[in-house]
Amino acid sequence: QTELLPLQAYLRVESGGIPLDFSLDQGPPAPTPALLDVKAGNHHYRAWAPGYYSAEGEFNVVPELLTSVQISLVPVKLRVALGNFQAEGYTAYNTRSSGSGVYYHTWEEPYQVYLDANPIKEKLRAALGHYDLIDQDPDCVISIQISSDKEHIQGAATLADGRGQLRETVTAKRDMPFLSFDEQGSAQKRALEVADDLLGQIIPLLARFQPQTDKAPPDRQAQVKVQTGPSPATP
C-alpha cells in the first residue's frame, strides 16, 4: 500500500503595510509579512489587528508554487443610528381690530411657522459621516428634538447605548427675533444653528462609546487577494 503525501507549497501573507496577526488552520498566530512552507490544498485563515474588524475564510495553496495572499482589513467605526427625530414649528396669533365706538371689534388670526426637517437631517448625516450610520445593532443611538416658540428655538439631543440605556443629554437654544418679512426663513436658519450647537456637543461625547469589533457589517468586509507565481526556489 502506497501512502500519498501532500505536495509542498509556499505561502506569502502580506497586509499592505498595516501589521496584523494571522493564524492558519487554527494554528499559533504569526505577524505579517510572512513567508511559509505549507502543504498544498485548502487552508482556513483568520486575521486580526487592533482597531480593525477581524476576518476569516479559506484559500487554496497551489502545489510547488508561491501563493501570495494580500489581506486588507477594514477599520472599525462606531455604529451610530439616528433614533427619534422631531423638528416642530408653532402656531401664533395676530390680533386684528376694526370699527370704533360701540362697533369696535377685535379678533385673532392664527399663523403658523414651520421647520423643515430635511435640511436638519442632512446636516446631521453629513457631520456623522465619519461613523457607520446604520439602522440595526448600533453602538449608539442619537435622538434629537428641535422646537420653536415666538421667542426661542430650542433643541435637545439624547445619546443611548445599543441596549437603549440613556448615557448623555445635551441642549441648545437660540433667541428668535422674528423678522416680520421672513419669519419662516428666520426660524429655519436658527433651527440649523441649534443643530450645529447640538452636534458640537454630541461628537466629542461619541468617543465614550465603544464599538463592537467582533463582526464587520456586510458592506465593509475585508478584501483578500490571492495570486500564484513561481516558487521562491525557482531560479
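Predicted model: local features only at pLDDT ≥ 70, side-chain atom pairs only at ≥ 80, totals over all residues.
Residues are numbered from 1 along each chain as its sequence is written. Local features need pLDDT of at least 70, side-chain atom pairs count only at pLDDT 80 or more, totals for chains, interfaces and linings use all residues, and side-chain values use heavy atoms, with hydrogens and water left out.

**The sheet**

Five strands form an open sheet in the order β11-β8-β12-β13-β14, with mixed pairing. β11 (132-133) and β14 (166-175) are at the edges with a single partner strand each, so one side of each has no neighbour in the sheet. Strands are DSSP runs of E with at least two residues, helices are runs of H or I with at least four, and both are numbered from the N terminus. Two strands pair if DSSP finds at least two bridges between them. Strand β13 (residues 152-161) runs antiparallel to β14, and nine bridges join them. One of the bridge partners is A172 in β14, which faces G155.

**Salt bridges**

The structure holds eight salt bridges, each a side-chain nitrogen of Lys or Arg within 4 Å of a carboxyl oxygen of Asp or Glu. The table gives three of them.

| Pair | N to O distance |
|---|---|
| R12 and E14 | 3.9 Å |
| D161 and R167 | 4.0 Å |
| D197 and R174 | 2.5 Å |

D197 lies in helix α2 (residues 183-205) and R174 in strand β14, so this pair ties together parts 23 residues apart in sequence. D161 is buried at 7% relative accessibility, whereas R167 is partly exposed at 38%. Buried means under 20% relative accessible area, exposed over 50%, and partly exposed in between (1.4 Å probe, protein chains only). D161, R163 and R167 are linked in a network of salt bridges.
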